[in-house]
Amino acid sequence: MKLSLLLRKILNNKGISLIAKSLILIVLVSCNGDDANVARGNEVNTTNLEGVNINMATFDMSPEEITIVELPQRAISRPETTTGIPHVQIGVEPVAEVNEELIRRVFSIPGIENQTSVVGGSHGMWLTEEIIVFEPNFIGGREFGHIHDDGSLHIFLEPSRSFEAVEKGWATYHPFALEGREGWEGFVLLYTPQTMEELDWTFQLILDGFNYVTGQNLMAADYE
């Protein structure tokens, strides 16, 4: 097994303590000098991330086969969101043609069905039974995300990718992630795309979430 894939399995194993994971990482990386670049354990202070004062270790946990595209800084300011449940944007209206294209692109992805969300009233992104699950991160059933009526959406991202999305202004953490609930570390709300250019990056993040859960390597450019 490739070291990067092994590291990802270890880091996402909820039955292993953080201390044990750290010790395993040290041993594996020291024994595999050629692959040491696949793991980063840099402590990041997220005090400036929307005023949330938490420290977290971010790692590049993606298998070598998965491509990660660096996000640009989002140009417009963050919308306000509620701090509790339901977790929603405040005062954002979708752009009709952008929202329609968002729905079209998402449900053109093979293996994703448009079903009613388990939380109700949303376009639930459900994996079909034929899709093999690599990381079982689901809201309920086989729903790994859902699109709200205002064009924002909740989705599971790989934790270090979720950190980048929040840092670059594309997302905010769901309250469950901020509370440290097990299994919800990378669960975010992606803001409503306001232009087709923004939609391209939002769609890439949706594919990142799909890739994270399924182990596939789909790119937004494949669906233009």
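**Exercise 1.** Find the bridge partner of Leu 153 in S10.

*Solution.* Start with the strands, which are DSSP runs of E of at least two residues, numbered from the N terminus, as are helices (H or I, at least four residues). Strand S8 covers residues 153–156 and strand S10 residues 187–190, and they pair in the antiparallel sense over four bridges; pairing requires that DSSP finds at least two bridges between two strands. Leu 153 then has Leu 190 as its bridge partner in S10.

A word on the model: it is predicted, with local features needing pLDDT of at least 70 and side-chain atom pairs counting only at pLDDT 80 or more, while totals for chains, interfaces and linings use all residues. Residues are numbered from 1 along each chain as its sequence is written, and side-chain values use heavy atoms, leaving out hydrogens and water.

**Exercise 2.** Describe how H4 meets H6.

*Solution.* Take the axes, lines fitted to C-alpha atoms over the stretch in contact, with angles from 0 to 180 degrees between N-to-C directions. Those of H4 (residues 159–167) and H6 come within 11 Å and cross at roughly 165°. H4 is therefore roughly antiparallel to H6, a label for angles over 145 degrees. Finally, list the contact (heavy atoms within 4.5 Å): Pro 159, Arg 161 and Ala 165 of H4 with Gln 204, Leu 205, Asp 208 and Tyr 212 of H6.

Key:
Angles under 35 degrees count as roughly parallel, over 145 as roughly antiparallel, 65 to 115 as roughly perpendicular and the rest as oblique.
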